[in-house]
Amino acid sequence: MTEPADAPPRRSFPANLLGTREERLAEAQPPLTGRIAAYVLLFPLGVAVSVCGSFVQALWPPVGVLLALAATAGTFYGGLRITGTRLGAAVPAAGWFLAMLLMIVPRPEGDNVLWSNATSLGWLFAGSVLGVICATLPTRTSWFPGVPGPPR
């Protein structure tokens, strides 16, 4: 079945889900107080996703890794979209990484949360890559609130 000539072009799945670059850049930015409140809440959310994901990835390999990575990506990308700044993705990523560092250190009793096996290392590596990807997606502003972005 062919589409009529005047029909708009079909959008890809990522464009439907995430929006195009032009759509993301055209969104209005939340007020400063809302963004600051979001930053304060996103850091402990990143910590919680890291702690929960560390146990989920070990509990149900390999599906647990995918589930934990989906929650991680949702947290980082959600922070980016809620605040409209790259800092919105970097704050939960910082909380995620801080908790990950604490989870990787062995306890005095000899217990580990994250072992040096494929699923744990995959969780650490892929989660770090997701944080970098989300923190470098195009946004309306630069890194910090109040700092003007590049001219458009």
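Apart from its neighbours within four places in sequence, Thr75 is in contact (heavy atoms within 4.5 Å) with Leu45, Val49 and Pro92. This is a predicted model, so local features need pLDDT of at least 70 and side-chain atom pairs count only at pLDDT 80 or more, while totals for chains, interfaces and linings use all residues. Numbering runs from 1 along each chain as its sequence is written, and side-chain values use heavy atoms, with hydrogens and water left out.

Thr75 sits in helix H4; helices here are DSSP runs of H or I with at least four residues, numbered from the N terminus. With a relative accessible area of 9%, Thr75 is buried (under 20%; exposed is over 50% and partly exposed in between, with a 1.4 Å probe and protein chains only). Other buried residues of H4 include Ala68, Leu69, Thr72, Phe76 and Gly79. The helix has 21 residues and spans 30 Å from first C-alpha to last, close to the 30 Å expected, that is, 1.5 Å times one less than its number of residues. Just after H4, Gly84 takes a positive phi of about 80 degrees.

Trp60 counts as partly exposed because its relative accessibility is 48%. Pro62 belongs to that H3–H4 loop too, and the peptide bond from Pro61 to Pro62 is cis, with omega near -5 degrees. Most peptide bonds, by contrast, are trans.

Note on methods:
Helices (H or I, at least four residues) and strands (E, at least two) are DSSP runs, numbered from the N terminus.
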